[in-house]
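Subject: Structure handover

Hi,

Here is the structure I promised to pass on to you. My notes on it follow below, and I hope they are handy.

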Amino acid sequence: MDTNYQHALAWFRAFRAHGIVLELWRIHRHIGMGGDQLVRAVTDDSTEGELGDQIREAEKRHYLALIDEVEPMDGSRELIEALKRRGHKVVLASSAKQDEVDHYLDQLDARDLADAWTTSADVEATKPQPDLVQSAP
């Protein structure tokens, strides 16, 4: 799923709602990093301590308002089908929350194709730590 720009915009709006206006490109460079790390990475320790949880909650709300605009990458379902035809085990590794992963699985119509998938609940340390890949069954 191609969620990068929706996440960048959601973070931008979450920061702005808390009086912090950042250049969108600065946020975009950190997309993929866990939300528990992103606030500090684009601001500072003080902002993380004072507003981190509130900004993360706002980002989730803003992202969920955009989730219907997220689309699968071209050929993603076909890739999964090809891997299955070749006898490979397919595990979809995502650091998204369960409700988001459910949305993506339905959008890809991949529940019956994938052997397993991960969510943010499966990891102790967020990206860029390797827990996501290591936790995949």
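Let me start with Asp-109, which lies in the loop between α6 and β2. Helices here are DSSP runs of H or I with at least four residues, strands are runs of E with at least two, and both are numbered from the N terminus. At 53% relative accessibility, Asp-109 counts as exposed; the cut-offs are under 20% relative accessible area for buried, over 50% for exposed and partly exposed in between, with a 1.4 Å probe and protein chains only.

A word on where this comes from: the model is predicted, so local features need pLDDT of at least 70 and side-chain atom pairs count only at pLDDT 80 or more, while totals for chains, interfaces and linings use all residues. Residues are numbered from 1 along each chain as its sequence is written, and side-chain values use heavy atoms, with hydrogens and water left out.

**The chain as a whole**

The chain has seven helices and two strands, in the order α-α-α-α-α-β-α-β-α along the sequence. Its C-alpha trace spans about 50 × 30 × 20 Å along the principal axes. Of the 137 residues, 35% are buried. Take the contacts (heavy atoms within 4.5 Å) between residues at least 6 apart in sequence: 62% of them join residues at least 24 apart.

Which residues of α6 are buried? They are Glu-100, Val-101, Tyr-104, Leu-105 and Leu-108. These residues cover an arc of only 135° around the axis, which puts them on the same side of α6; the arc is taken from the directions from the helix axis to the C-beta atoms. Their cover includes α1, α4, α5, β1 (91-92) and β2 (116-117).

Helix α6 also gives the largest share of the lining of the largest pocket, five residues. On a 1 Å grid over the protein atoms alone, a pocket is an open set of points with protein on both sides within 12 Å along at least five of seven lines, and lining residues have an atom within 4 Å of a point. The space in this pocket is about 1100 Å³, a volume being what is filled by probe spheres set on the points, which are joined across faces, edges and corners. Its lining has 39 residues, and His-7, Ser-94, Ser-95, Ala-96 and Lys-127 lie nearest the centre. The elements that give two or more residues to the lining are α1 (4-17), α3 (35-42), α4 (45-66), α5 (76-85) and α6 (98-108).

Val-39 sits in helix α3 and is buried, at 0% relative accessibility. Beyond its neighbours within four places in sequence, Val-39 touches several residues, among them Trp-11, Phe-15, Thr-47 and Ile-55.

How many aromatic pairs are there? The count is one, with rings of Phe, Tyr and Trp (its six-membered ring) pairing if their centres lie within 6.5 Å, and planes under 30 degrees apart called stacked, over 60 edge-to-face and the rest tilted. The ring centres of Trp-11 and Phe-15 are 5.9 Å apart and the planes are at 35°, so the pair is tilted. Both residues lie in helix α1, four residues apart, about one turn of the helix. Trp-11 is buried at 6% relative accessibility, and Phe-15 is buried at 0%.

Best wishes

How values were computed:
On a 1 Å grid over the protein atoms alone, a cavity is a set of points where a 1.4 Å probe fits but cannot get out, and a pocket is an open set with protein on both sides within 12 Å along at least five of seven lines; lining residues have an atom within 4 Å of a point.
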